[in-house]
Amino acid sequence: MKAMIFAAGLGPRLKPLTDTMPKALLPLAGKTLLQWQIERLKAAGIEDIVVNIHHFGQQIIDYLKVKEGFGCNIQVSDEREALLETGGGLLKAAALLGYDDNGKYENNAQPVLVCNVDILSSIDLPRLIAAHRSDDLATVVVSDRETQRYLLFSGDGTLHGWTNIKTGEYRPTTLTANPLGVPASNTQRGDLTTNPLIRLAFSGMQIVSPAFFAELRHTQAEKGDKFSLIDAYLSVVERQAGTIRAFVPQNYRMMDVGKIDQLDEAEQFAESLNTKL
């Protein structure tokens with residue numbers, strides 16, 4: 001299996017730190033965010049890694065060179081001319097991940113574990129890898145936590161849509177009238193047999209199968225070069241083009257290192273993960 005780390009973000013909520021450095025090189029508990037992700041992937045046996053860059057991208061290139069890639073085979077997908085979001089960024093890196101320019105794949109193509117550089121978690125990566133089904137287009141890591149935007153899954157873990165509870169928006173739009181009984185809150189969902197869809201929060205990590213790259217190309221044709229992975233997932237759902245499946249980790253803890261006033265908390269969280277690597 002290969003991996004891609006999204007490290008191209010601007011990090012606006014981490015200003016003024018990100019006025020002079022990329023978010024990926026933010027130090028926490030003696031390591032950069034990028035090092036945290038690389039070491040966790042390496043511990044799970046994944047050493048072929050692509051890192052995308054944009055904001056202060058040369059700093060990341062220089063850092064990886066000095067660190068000799070932490071003993072991994074690391075390639076850089078350069079988005080300094082245009083930041084492409086997660087879906088567009090993954091598609092741009094297709095050739096580095098073993099796919100051709102048309103999003104097609106070869107017989108020896110491998111699944112790709114994709115993660116955000118700024119999300120730390122206690123996830124058991126070997127368990128996630130083992131849970132991925134080769135006939136599914138993607139396995140997305142989700143959790144039962146409060147947020148404003150949720151992915152909607154049936155009882156068998158299959159993705160059926162997305163909602164923003166603040167705006168009342170649903171995708172696909174056929175879910176707008178809530179005909180499938182989406183519960184008002186996770187605490188009210190009860191038995192999955194009586195509530196066909198449940199809300200789960202996306203956690204910034206997934207495994208995508210080789211066939212998913214053709215779906216990225218399809219979404220690019222609809223949205224342009226800049227689009228999110230959520231856009232691609234919902235395109236799959238709307239066209240009934242394949243299965244996107246949930247993975248809910250056990251005893252899961254995660255933190256999005258995204259705000260300057262949360263750095264002390266993030267430092268403590270990172271310290272708590274140190275003993276697990």
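Okay, quick definition before anything else: helices here are DSSP runs of H or I with at least four residues, strands are runs of E with at least two, and both are numbered from the N terminus. This is a predicted model, so to speak of local features we need pLDDT of at least 70, while side-chain atom pairs count only at pLDDT 80 or more, and totals for chains, interfaces and linings use all residues. Residues are numbered from 1 along each chain as its sequence is written, and side-chain values use heavy atoms, leaving out hydrogens and water.

Let's start with helix α6, residues 229-239. Nine of its 11 residues are buried, so the rest of the structure largely encloses it; buried means under 20% relative accessible area, with exposed over 50% and partly exposed in between, using a 1.4 Å probe and protein chains only. Among the buried ones are L229, D231, Y233 and S235.

What about the ends? At the N-terminal end, S228 is the cap, with a side-chain oxygen 3.3 Å from the backbone nitrogen of I230. After α6 comes Q240, and its phi is positive, near 55°.

Next up, T163, which sits in strand β10, residues 159-164. T163 counts as buried, because its relative accessibility is 2%. A polar atom of the T163 side chain lies 2.9 Å from the backbone oxygen of E169. Leaving aside residues up to four places away in sequence, T163 touches Q148, R149, Y150, L152, E169, Y170 and R199, where contact means heavy atoms within 4.5 Å.

Last one: L197, in the loop between β11 (169-171) and β12 (198-208). L197 is buried too, at 2% relative accessible area.

Conventions:
A polar contact is a pair of N or O atoms within 3.5 Å; within protein, one must be able to donate a hydrogen and the other to accept it, and residues adjacent in sequence count only if both atoms are side-chain atoms.
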